[in-house]
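Welcome! Let us take a guided walk through a protein model, one region at a time. Have a look at the picture, and then read on.

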Amino acid sequence: MSKAGIKRVNVEQKDRAQVTLESIGEAVISTDREAKITFLNVVGERLTGWPVREARGRSIEEVFKVVDATTRESIPDPMESSRQQHRPGHLPGCCILIRRDGGEIYIEDSTAPIHGRGGKVTGSVIVFRDVSEARRVAEEMMHASQHDFLTGLPNRLLLEDRLGQAIALAERHSGEVAVLYIDLDQFKQVNDSLGHLVGDKLLQSVAERLQEQVRTPDTVSRQGGDEFVVLLQEVKTKADAQVVTKRILDAVASVHSIGENQLYLTASIGVSRYPADGVDAETLVKHADTALYQAKASGRGCVKFFKPAMNARAVYRRSIEEDLRRALGRNEFQLHYQPTIDLKTGAIAGVEALLRWTSGSRGVVTPETFLAVAEESGLMLPIGSWVLREACRQAASWLDEGLPAVSMAVNASAIQLQDANFRNEVCRVLEETGLSPASLELEVTETVLMNLPERALAVLQHLRGMGVKVSIDDFGAGYSSLSHLKRLPVDILKIDRSFLRPLKEQLDDTSIAVAIIRMGRSLKLRVVAEGVESLEQMKFLRAQDCDEAQGFYFSSPVPAEQFGAMLRKRQFSWKLKSGRLRGSAAEPPRKTG
């Protein structure tokens with residue numbers, strides 16, 4: 001080929017290479033052996049901010065300014081190692097390119113030497129791309145995997161990592177760490193009555209307040225639901241943790257303005273400390289949770305610090321739960337029945353079914369011991385279903401024996417009332433046992449009834465339409481307003497026993513009981529007084545025109561056979577006259593469930 005032909009081919013090859021370099025989607029910069037810019041493609045111009053005509057002949061360090069993203073230290077001549085070692089290479093990971101206008105972008109690169117004739121290095125080339133968006137997406141994914149989506153707080157995974165680091169730091173400096181396990185006491189009621197949207201905003205409000213009560217090195221995390229964990233680093237004494245728990249209780253208890261709602265709630269807190277209560281993250285969180293359980297058992301707005309004895313109680317509670325799960329299959333539950341007496345005639349007007357448990361390994365277990373565990377463990381649904389069916393079966397059996405018809409009262413828990421199958425279950429039990437709906441009374445505590453969502457109230461309204469009665473149990477403890485009471489689907493008002501206790505020693509302290517009786521009668525509700533234990537209390541209630549009474553003065557809860565005998569006697573009229581049950585023993589102990 002002639003020299004002219006060879007020159008033409010070289011020009012064509014050069015032009016083809018130029019077009020190729022300008023067409024690729026990555027930036028390309030080449031330099032000579034003195035690290036002066038010889039070429040910059042279009043993408044390189046855009047990313048660096050340098051036009052090729054101005055960049056050519058300048059040092060690579062002037063046009064291609066790169067710093068370490070972590071240390072912010074400059075990386076001089078990133079292609080030098082490739083030229084010296086005669087092989088491809090890369091910049092250190094996580095680099096930032098400083099553009100000509102001062103803007104910053106994250107980049108990834110590869111570098112290689114340029115060899116001339118004879119294999120001599122005549123320069124170098126770097127190919128790089130903008131990874132800022134990919135890095136942003138990766139960081140967002142990492143953040144999402146370590147943070148709660150609702151509140152933005154660290155989640156369980158990130159808390160464990162930070163707690164591990166805090167323990168290691170405390171160990172090196174002979175310091176302490178505190179873990180606060182926090183649960184919102186009334187959150188479920190808010191969520192159920194006002195909806196999840198309001199509940200979510202309330203959780204966000206609580207999260208903000210928790211963060212305001214801790215220092216920058218500390219961590220506030222959400223564990224899920226209405227549970228939060230706070231990690232306090234560098235705690236010097238138990239008193240330091242107590243100060244923070246006090247601030248948190250006060251902050252949570254202040255009114256939360258959520259839309260048009262002014263919401264109040266309290267928190268319970270369990271606290272564990274390193275190294276006194278554990279030397280690893282898992283143990284500290286577990287012990288703080290154990291302390292929280294004790295705090296909630298002590299009432300609302302309580303703080304409990306972990307003590308070794310709590311472990312024994314936690315183990316005992318778990319064993320109660322395990323035995324409860326087996327109790328139904330082993331036929332260990334029984335129902336006892338306590339009469340409700342008509343205060344005008346002395347006749348038995350109704351009966352309340354009360355659950356009793358005789359464990360094969362424990363013997364008699366008090367309701368106070370097992371009912372709370374059943375509620376917390378979700379066992380109230382199957383247990384409540386058994387109680388409903390057995391009570392209705394027994395009521396129908398008494399009718400079949402020709403005994404007087406009485407209203408059978410069965411306690412309904414919040415979890416039952418909110419179960420989608422509850423209405424159908426009641427209808428099915430009534431049909432299978434043959435009991436009239438008018439003979440069934442569902443007892444709901446005032447606190448539960450006030451906080452039921454609309455769908456659950458609609459279920460009660462439907463059952464009332466069938467003839468089932470609904471009573472408010474423990475009325476007065478939840479402070480219902482009269483306007484609220486008018487809207488509730490109820491037929492019977494049961495006065496909380498606490499309002500009758502003053503009558504035993506101080507008969508003039510009767511204003512609350514009198515007001516409740518009058519309120520009930522004004523709403524045309526049947527009023528029943530619970531916890532009647534003395535002749536004086538009974539006489540007072542009759543004088544105030546209370547409809548019915550229930551309590552140990554008349555009878556303790558008794559097995560079905562004994563209650564059937566009471567029905568055969570027809571009435572308790574002698575109790576209304578003299579206060580003595582003919583042929584009876586001394587008054588039994590107070591009601592326990």
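Among contacts in the protein between residues at least 6 apart in sequence, what percentage join residues at least 24 apart? The figure is 64%, where a contact means heavy atoms within 4.5 Å.

Before going further, here is how to read the numbers. This is a predicted model, in which local features need pLDDT of at least 70 and side-chain atom pairs count only at pLDDT 80 or more, while totals for chains, interfaces and linings use all residues. Residues are numbered from 1 along each chain as its sequence is written, and side-chain values use heavy atoms, with hydrogens and water left out.

**The overall picture**

The protein has 23 helices and 22 strands. Helices (H or I, at least four residues) and strands (E, at least two) are DSSP runs, numbered from the N terminus. Of the 593 residues in the protein, 47% are buried; buried means under 20% relative accessible area, exposed over 50% and partly exposed in between, with a 1.4 Å probe and protein chains only.

Strands of a sheet pair through backbone hydrogen bonds, either parallel or antiparallel. In this report two strands pair if DSSP finds at least two bridges between them.

**A sheet of five strands**

Another open sheet has five strands in the order E8-E9-E7-E12-E13, and its pairing is mixed. Its edge strands are E8 and E13 (303–305), each pairing on one side only. Here the twist averages 20 degrees from one strand to the next. Helix H7 (residues 156–172) packs on this sheet, touching E7 (176–184), E8, E9 and E12, and its direction makes about 20 degrees with that of E9. Helix H11 (residues 281–297) lies across E7, E12 and E13, running at about 145 degrees to E12.

How many bridges join E8 to E9? Five bridges join them, and the two strands run antiparallel. Gly224 has Glu227 in E9 as its bridge partner. The hairpin of E8 and E9 has two residues between the strands, and in it Gly225 takes a positive phi near 60 degrees. E8 (residues 219–224) has five of its six residues buried, so this strand is largely enclosed by the rest of the structure.

By contrast, E12 and E13 pair in the parallel sense over three bridges, with Ile269 opposite Val303 in E13. Strand E12 (residues 267–274) also holds Arg273. Is Arg273 buried or exposed? Arg273 is buried, with a relative accessible area of 18%. Among the residues that Arg273 touches, not counting those up to four places away in sequence, are Glu176, Thr237 and Leu284.

**Two pairs of packed helices**

Two packed helices are described by the angle between their axes and the distance between the axes. Axes are lines fitted to C-alpha atoms, for helices over the stretch in contact, and angles run from 0 to 180 degrees between N-to-C directions.

| Helix pair | Angle | Axis distance |
|---|---|---|
| H9 (residues 196–212) and H10 (residues 238–253) | about 150 degrees | 9 Å |
| H16 and H18 (residues 454–466) | about 25 degrees | 10 Å |

The angle for the H9 pair makes H9 roughly antiparallel to H10. H16 and H18, in turn, are roughly parallel to each other. Angles under 35 degrees count as roughly parallel, over 145 as roughly antiparallel, 65 to 115 as roughly perpendicular and the rest as oblique.

Val206, Arg209 and Leu210 in H9 meet Ile248, Ala251 and Val252 in H10.

**A buried leucine in a loop**

Leu435 sits in the loop between H16 (422–433) and E18 (440–445). Leu435 is buried, with a relative accessible area of 4%. Leaving aside residues up to four places away in sequence, Leu435 touches Cys392, Ala395, Ala396, Leu399 and Leu430. The C-alpha atoms of Leu435 and Arg393 are separated by 7.7 Å, although these residues are 42 apart along the chain.
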